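Subject: A structure for you to explore

Hi there,

Here is the structure I promised to pass on to you. Please open it next to this email, and then read on for what turned up in it.

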Amino acid sequence: MESRAINFGAGPSALPTSVLQEATKGLLNFNETGIGIAEISHRSKEFTAYLQGVEQNIRKLLDVQPTHSILFTQGGGSTQFSAVVLNMLARHRLLHPQLTDKDRVLDYVVTGSWSKKAAEEARRMGESTINIAADSRKYSKDQKSFDNIPTTDAYSFSSDPALIYYCANETVDGVEFSAEDTSPASFPFHLLPKNALVPLVGDYSSSFMSRPIPHLSDHAIIYAGAQKNVGPAGLTILIVRNDCIVDVDAAARLGATPVPICLSYKTLADNNSLYNTPPVLSIYITGLVLEYMLQLGGLDYYAELTNRKSKKLYHVLKDGETKGIFKGKVKEGSGSQMNVVFDVLGEGLLAKFIAGAEERGMKGLKGHRSVGGVRVSLYNAVTEEETDQLISYMEQFAEQHEVNKE
């Protein structure tokens with residue numbers, strides 16, 4: 001096989017080589033049907049059985065209880081910015097039909113570019129009051145940057161919101177909520193109402209399946225685009241608590257905005273995610289990835305792997321800072337394990353760093369166009385050996401261009 005580049009891209013991102021090799025077989029002959037996966041009917045018994053298996057493996061890996069349904073759709077996280085608002089406002093309308101639109105509050109925790117976009121979309125839809133429960137920019141060095149996860153005292157949740165939204169990992173800005181409840185950078189679950197069906201919505205697109213999801217059962221909705229850790233672009237995975245799968249048409253009769261039929265969670269649930277043609281090929285490859293993950297030991301294995309990779313990378317980044325070559329963009333303790341962001345200091349050195357990496361077969365390292373610099377994405381399929389190659393290059397680059405030499 002021809003040599004492949006090391007893909008540190010932020011998504012679509014690396015997939016396990018063995019999975020890609022297996023997928024090529026399925027393109028020609030899916031599960032001995034004699035029909036390729038890109039050709040087969042989504043309503044065939046073979047594919048519907050496969051889809052059920054994908055659901056079961058998600059339940060197994062994340063320990064999803066029967067209180068929650070797993071749904072498959074399209075449109076990515078950006079479509080869910082709208083869908084969660086519509087479905088959760090419909091639920092709120094059914095629970096509180098007497099309230100006016102302005103009395104329906106949506107809480108947003110804004111810690112980066114994606115949560116900011118989610119809040120902007122909710123505001124654009126204009127059917128409720130938007131409460132920014134926390135905005136990390138207030139606690140940044142320049143009060144403009146998304147460089148931290150706020151501490152507990154920064155949050156101000158509404159008394160009875162229709163939803164509470166947060167983004168677990170900000171792909172562009174490189175900040176991530178800690179999985180440890182004792183960490184100052186963890187999400188403040190303890191501030192939410194106890195013994196209640198909290199309308200908590202978590203965008204887990206860029207950290208999905210990298211480790212267990214803290215307090216998963218307390219969430220109303222978790223969603224994730226597959227194209228970071230578990231599959232190719234095209235598939236969005238939803239984990240929806242059953243009380244949030246509501247009759248949106250009944251809510252509309254009470255005054256709620258009608259929900260487009262393919263954005264309704266009830267449509268997806270009632271039709272086993274097969275109301276319309278799902279992203280068949282993306283589901284197939286995602287299924288192969290999940291099976292591969294289970295063979296390696298599941299999320300315990302990947303959580304340990306992610307921890308090792310990111311610790312090594314942050315260590316070499318810190319060493320490069322002492323040499324005056326690298327500069328991290330995120331406050332210590334708030335850094336993402338998935339997307340490590342930093343600047344390369346010195347005129348022309350950023351371009352030189354990127355070019356040198358590409359000469360060594362390492363690609364996808366340019367930071368997002370809105371923030372620049374370097375972004376290293378350490379998704380599940382990026383091996384520890386590949387991470388070590390980047391670290392070795394960073395060490396050599398910092399040594400070669402060190403500013404603080406005596």
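Are Tyr155 and Phe187 buried or exposed? Tyr155 is buried, and Phe187 is buried as well. Here, buried means under 20% relative accessible area, exposed means over 50%, and partly exposed is in between, with a 1.4 Å probe and protein chains only.

Before going further, a word on the ground rules. This is a predicted model, in which local features need pLDDT of at least 70 and side-chain atom pairs count only at pLDDT 80 or more, while totals for chains, interfaces and linings use all residues. Residues are numbered from 1 along each chain as its sequence is written, and side-chain values use heavy atoms, with hydrogens and water left out.

**Aromatic rings**

A pair of aromatic rings is described by the distance of the centres and the angle of the planes. Rings of Phe, Tyr and Trp (its six-membered ring) pair if their centres lie within 6.5 Å; planes under 30 degrees apart are called stacked, over 60 edge-to-face, and the rest tilted. The structure holds 21 aromatic pairs. One of them is formed by Tyr155 and Phe187, which are edge-to-face, with 6.3 Å from centre to centre and 65° between the planes. This pair links distant parts of the chain: Tyr155 is in the loop between strand 4 (129-135) and strand 5 (163-167), whereas Phe187 is in the loop between strand 7 (175-176) and strand 8 (200-203), 32 residues apart. Helices (H or I, at least four residues) and strands (E, at least two) are DSSP runs, numbered from the N terminus.

Both rings also belong to one aromatic cluster, formed by Tyr155, Phe157, Tyr166, Phe177, Phe187, Phe189 and Tyr204.

Another ring to look at is that of Trp114: Lys117 lies over its face, at 4.7 Å from the ring centre. A charge sits over a ring if NZ of Lys or CZ of Arg is within 6 Å of the ring centre and within 35 degrees of the ring normal.

Next, please find helix 9 (residues 349-359) and helix 10 (residues 384-400), whose axes come within 11 Å and cross at roughly 145°. The axes are lines fitted to C-alpha atoms, for helices over the stretch in contact, and angles run from 0 to 180 degrees between N-to-C directions. Which residues make the contact between helix 9 and helix 10? Helix 9 brings Leu349, Lys352, Phe353, Gly356 and Ala357, and helix 10 brings Tyr393, Met394, Phe397 and Gln400. Contact means heavy atoms within 4.5 Å. The residues of this contact divide into six nonpolar, two polar and one charged. In that count, Ala, Val, Leu, Ile, Met, Phe, Trp, Tyr, Cys and Pro are nonpolar, Asp, Glu, Lys and Arg are charged, and the others, Gly among them, are polar.

Not counting residues up to four places away in sequence, Phe342 touches Leu317, Phe326, Lys327, Gly328, Lys329, Phe353, Gly373, Val374, Val376 and Met394. At 0% relative accessibility, Phe342 counts as buried.

**Backbone details**

A cis peptide bond joins Gly11 and Pro12, with omega about 0°. Pro12 lies in the loop between strand 1 (6-7) and helix 1 (17-28).

Glu32 is in the loop between helix 1 and helix 2 (45-62) and counts as exposed because its relative accessibility is 71%. Ser273 is in the loop between helix 6 (265-270) and helix 7 (280-296), and it is buried, with a relative accessible area of 3%.

Pro66 lies in the loop between helix 2 and strand 2 (68-73), and is exposed at 69% relative accessible area. Leaving aside neighbours within four places in sequence, Pro66 is in contact with Arg59 and Asn242.

Val246 lies in the loop between strand 10 (236-241) and helix 5 (248-253), and counts as buried because its relative accessible area is 9%. With residues up to four places away in sequence not counted, Val246 touches Asn87, Ala90, Arg91, Leu94 and Lys266. Val246 and Lys266 are 20 residues apart in sequence and 6.0 Å apart in space, C-alpha to C-alpha.

Enjoy exploring!
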